Amino acid sequence: MKKKQFAALGMAVILGISSLSGCGIKTDTPIIGTLVGLDSDQIFQVENLICSREEYMLILMNTQNEYKNDFGGTVDWNAKIDENTTLHDYVMERVKEDITLNYTLAAFATDKGIQLTEEEKTNISAAAGEYFDTLNEAEKDYTEASVTDVESVYTNYLLANKLYSQLTADVGTRVSDEEARVIKIQYIRMSTEKNKESEIKSTYENVIDLVNGGYQQFSREAKQYSEDEVIEKTLKKNEASLKFEQEAFNLSDGEMSEIIQEDNDFYLVYCVNSYMQKETAENKQNIITQLKEDAFQTQYDQFVDNAKTDFNTKAWNKMELSGDENVKNADLMNKYNAMTTE
């Protein structure tokens with residue numbers, strides 16, 4: 001069965017939401033009443049979901065080696081990317097953002113009763129085994145991970161992806177083509193700052209007669225009289241803000257508007273295309289995507305605001321990028337993405 005693909009490492013960008021580390025995650029805060037906190041091999045917790053050191057190290061190794069591959073295999077991790085941040089610091093923060101986000105989404109999925117199917121569990125087991133078999137001894141020693149840890153990472157990332165799909169499944173279903181309609185117009189703008197109102201109206205009436213009579217093209221008249229350098233616009237109905245833009249949506253192909261006044265500006269609008277099919281379809285999808293993201297963001301924020309969280313800063317501070325040239329595997333998420341498209 002074809003599964004919907006999401007790029008797990010790009011979730012934060014696609015969804016436009018903050019990671020847990022950017023949403024006020026509590027650090028080194030014992031749980032009041034039990035005071036158990038986190039063990040030394042546990043990096044963070046969201047509700048009942050705990051990320052182990054081994055799971056975290058898998059993502060850390062993978063991300064480090066992605067950067068190494070991008071830089072041709074050799075990286076100066078102490079290089080400054082800005083005045084206060086080294087490349088090492090940047091990678092450490094990126095990994096923290098990525099994994100805390102996805103595990104938070106996984107915990108949210110569990111809270112919503114979302115589960116993996118038996119087929120998905122089987123696929124995860126197979127993909128995790130394939131990935132683990134690609135690790136050499138240096139990589140296993142660095143991460144101290146088992147195949148079970150790989151399965152946990154894949155499980156939580158897939159739950160995160162399923163959450164977004166299921167929570168937004170019904171969002172945007174009522175967006176119509178009319179709401180998303182995109183049109184192309186040409187227009188003339190003249191202002192009373194440069195012309196008398198009577199002269200503007202006289203010019204426009206002359207243009208209307210010439211164009212409607214078939215003696216001139218509107219674009220030629222627009223280039224001659226408009227005070228704007230640009231005479232043609234593509235407009236989206238849901239973004240039209242000016243009065244002349246809004247009224248343009250009432251025009252048919254080849255039709256001109258009446259003279260439109262907006263403060264000191266006077267407009268004359270000509271409709272080139274009253275329904276741009278491809279652009280309308282794209283705009284409709286963009287509107288739906290934004291509605292889904294907004295709806296998801298609201299629910300995500302509510303969950304994070306009320307979730308029990310803890311972060312083991314002491315253990316995290318002890319983590320380091322590997323300096324061993326034999327630690328080079330960057331296939332963790334490649335295997336995951338391949339699994340989700342089977």
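Start by selecting helix H9 (residues 218-225), whose buried residues are Phe 218, Ser 219, Glu 221 and Ala 222. Buried means under 20% relative accessible area, with exposed over 50% and partly exposed in between (1.4 Å probe, protein chains only). Helices (H or I, at least four residues) and strands (E, at least two) are DSSP runs, numbered from the N terminus. This is a predicted model, in which local features need pLDDT of at least 70 and side-chain atom pairs count only at pLDDT 80 or more, while totals for chains, interfaces and linings use all residues. Residues are numbered from 1 along each chain as its sequence is written, and side-chain values use heavy atoms, with hydrogens and water left out.

Turn the view to look down the axis of H9: its buried residues fall within an arc of 160°, so they line one face of the helix. The arc is that of the directions from the helix axis to the C-beta atoms. Next show what covers these residues, including strand S3 (182-191), helix H8 (197-212) and strand S6 (265-273). Contact here means heavy atoms within 4.5 Å.

Now select the three strands of the open antiparallel sheet, ordered S2-S1-S7. Strands pair if DSSP finds at least two bridges between them. S2 (49-52) and S7 (309-311) are the edge strands, each pairing on one side only. Four bridges join S1 to S2, and Gln 45 has Ile 50 in S2 as its bridge partner. These two strands form a hairpin with two residues between them, and Glu 47 in the turn has a positive phi of about 55°. On the other pairing, S1 (residues 42-46) and S7 share three bridges, with Phe 44 opposite Phe 311.

What does Phe 44 touch? Its contacts include Leu 38, Tyr 56, Ile 99 and Tyr 103, not counting residues up to four places away in sequence.

Phe 44 also belongs to the largest nonpolar core, which has 62 residues. Such a core is a set of buried Ala, Val, Leu, Ile, Met, Phe, Trp, Tyr and Cys residues joined through side-chain atoms within 4.5 Å. H3 gives the most to this core, with 12 residues. Finish at H3 (residues 87-111), where 18 of 25 residues are buried.
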